[in-house]
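These are my notebook entries on a structure that I looked through for the first time. I set down what I looked up, entry by entry.

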Amino acid sequence: MRSSLTRRRVLTVLTGVALGGMTLWLLRPWTRGILARLSGRYESLTHPALARAATGALGPRALQVLQAAVSTLVDTAVEMSHYVEYFTWRAENLPGYRQLYEEFARRLDLAAARRDGGGFAEGDAESRRRVLQKVDLQRGSLRTVVVALIDPDWLRFEQYVVREVLALFVRTDGWVLLGYETWPGTPRGLDLYTRPPSIRRHAA
Amino acid sequence: MSDKTAAVVGSGIVGTAVAHHLVQHGYRVDVYEKGPEYPYPHAQPFLEKTRYLYSNPAYRLPADIRRLTCTGDYASNVDNERFMLVGGSATRWQGLTLRMLPNDFRTKSVYGYGLDWPLAYSDLEPYYCRAEALLGVSGTDADNPFAPPRSKPYPLPPFPLSYGDTLIAERLRAGGLVLHTTPQARTRNAYDGRPACQNFGMCSVCPIGARYSPTHHLAAAVNTGRCTVHANVSVRRIEVDGSGRARAVVCQRNDAKTPVERPADVIVVAGGAIESVRLLMLSSSAGHPGGLGNQSAELGKHFTFHHVWYGELHYPTPLYPARFGGATGQSCQFLEPPQRGKHGGIKIEFSATSEYHRLREIREWGDRAAILEQLRPMLHWHPIALHAESVPGPDKHVSLTTERDRFGDPFAHVHYRSAGFDHATREFARELLQRFAAATGADGSKFPDTYDSGAHHMGGCRMGHSAADSVVDPYGRVHGTSNVFVAGGSTFAGTSGAVNPTLTMTALALRTAAFIVDQL
């Protein structure tokens, strides 16, 4: 009796699987569409676009906080002038960046005040690093999805501030950190490149 | 001096060379460029690229004017390889200027593949000299035993090998391999109103004009008062009468509702291999049913890319590559390998462009040691580019597609599929990479799965003696017409050649321009 029931169950399960598979196969154009929509939804959640907003000059506090953020992100003494030039140009020329930078600075200050009772730029390196953990968002992680749903601004900050600062660093100070005399984009003359590099202290 | 008028379609290096030459000989020239203006010297685009990491959409022609469709096995986006703006693709090139070899013009008779050109290296040699003078080429053949013969020295001295390339050259020499300096359109000293190179390093957008940009001579032509550059204007067709004489170009501002006719005594098509074919096809009429020069149905055929594999070699000790923006070391030793014919020749380039490094990114931040670890591979991986010749064939061609641009004209369609010859060349390239790796003490290497065209598109309007098997004559004049010319890379007749083709394109353009001045 038990054996007969088991066989029936097995048959039922197999039939169910076969029917389910057939249904999915028949509906594949729709399932593909649903998956694409879900994927698109996920993409738009975790890669939020920069809101278009007026361009203009950055306030001094925003610039101060941004520079403190750069120092913390790259954990290396860098000449700030090209980062300042970068932030300033983007704020004044590309819609959305001024608002983004101002909001980023405001939120970092707010987080620092909650945590340590002071401004972000005034905190020590460790305090700033802890505050910046909010933008340590790995693609595909559960935390990133949760942040995307609850407070997508942090994803914007990660994408349009942190990643871009790191990209600028790789193209500039990263070269010096590795031991190059300077980075491409600066006039380097036609003599140095033929000689062994004079290794800088950074490259140790 | 002449009082004739010329319409030049396309403002790239070929169109500019033609326009500049014609203006110098008294022609009034209208240059039509469907793309937007691009400021010269390229200081602002340089700042945008290097300091602000900004890709300015103002320099991008809208898709409903520029697009094309593509089938076959080419993995990259062909459309993105074309910089359709004033000055064309050579506003952003690397500037390498090598001559093809004498045998590149007769591969059929010497090696049994491809087609022979209707002209010999010796016919083109004087124009190679003129092209080198025009572009301000720095170089020497003293260290290159494989260089073709030349009647004049390079206009400027060479750029010495970089520190890393010197080390590599020493190791190669011990293994019987040659690495020599690279001729390039980059000013070793001040030249023709251009300052000496200062090694900014981001050579694809030179801020001071040391790396040649066509806009240099375009501006010079405009300054004579006899040349006008019409940016954002698309030439839609060429009007040819029953006798084969072209009357005018039909063009349209990209934002206009209707086209206008612009008469000219001579019309030179210099739109690159793909758009030049397209324009001749769009110019079909009762007298030219398949398009201009298409009596033989060869228009769009004999099309080929340059095949480039961008490999990498890993060295245990850092070589500090990319301290110079251009390429300094390369090898022409395998342009004519013993098995040439079974596969193509290959030029090897120890390129070390800074763009290579810019591809790296760091994921872990906030810790100096971790950042350094992520960056350090840059020092040990050295790029090695293997440039190969490819042969035209039945699976490589340009045609028109059913999709239409904003004016209602069909876009170009590129069909490109590698042939057996290309696969054999790829295996030869792989073998060479391993040989160079072993000779230089590399402890690791990468060879890519796919090739890249290097943005070099050739042929489609093949030159030949007869209208029965070609589109233009050896001077670029379209068969069946008296005053329509195609200039530059579109007219390549044989293989792509293994060397970077831009100098050859420019030499061909100057030869066409000289013919127009002398014969029309």
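Entry on the two chains. I looked up where the chains meet and found 35 residues of chain A in contact with 33 residues of chain B, contact being C-beta atoms, placed from the backbone, within 7 Å. On the side of chain A that touches chain B, α3 (60-74), α4 (81-93), α6 (125-132), α8 (153-171) and α9 (173-178) each supply at least two residues. Of these, α8(A) gives the most, with six residues. Helices here are DSSP runs of H or I with at least four residues, strands are runs of E with at least two, and both are numbered from the N terminus.

Entry on the source. I noted that this is a predicted model, in which local features need pLDDT of at least 70 and side-chain atom pairs count only at pLDDT 80 or more, while totals for chains, interfaces and linings use all residues. Residues are numbered from 1 along each chain as its sequence is written, and chains are lettered from A and ligands numbered from 1 in the order in which they are written.

Entry on chain A. The domain assignment, which is automatic or from a database, gives domain 1 (2-46) and domain 2 (60-171). I found their centres, taken over C-alpha atoms, to be 44 Å apart.

Four parallel bridges join β1 (5-9) and β8 (266-269) of chain B, and Val9(B) has Val269(B) as its bridge partner in β8(B).

Entry on the three-stranded sheet. A mixed, open sheet of chain B has the order β3-β15-β14. β3 (68-72) and β14 (396-404) are at the edges with a single partner strand each, so one side of each has no neighbour in the sheet. β3(B) pairs with β15 (410-416) in the parallel sense over five bridges, and Leu68(B) stands opposite Ala412(B). Across β3, β14 and β15 of chain B lies α8 (272-282), at about 130 degrees to β15(B).

Entry on the core. Which residues have the most contacts inside the largest nonpolar core? They are Val18(B), Val268(B) and Leu386(B), in a core of 182 residues. Such a core is a set of buried Ala, Val, Leu, Ile, Met, Phe, Trp, Tyr and Cys residues joined through C-beta atoms within 7 Å; buried means 20 or more other C-beta atoms within 10 Å, exposed 12 or fewer, and partly exposed in between. Beyond four places in sequence, the contacts of Val18(B) include Val8(B), Val268(B) and Ala513(B).

Entry on the backbone. The bond from Tyr40(B) to Pro41(B) is cis, with omega near -10 degrees; Pro41(B) is in the loop between β2 (28-33) and α2 of chain B. Asn232(B) has a positive phi near 60 degrees and is partly exposed, with 19 other C-beta atoms within 10 Å. Ala297(B) also has a positive phi, about 60 degrees, but counts as exposed with 11 C-beta neighbours inside 10 Å.

Methods. Pairing = 2+ DSSP bridges. Contact = placed C-beta atoms within 7 Å. Axes fitted to C-alpha atoms, helices over the stretch in contact; angles between N-to-C directions.
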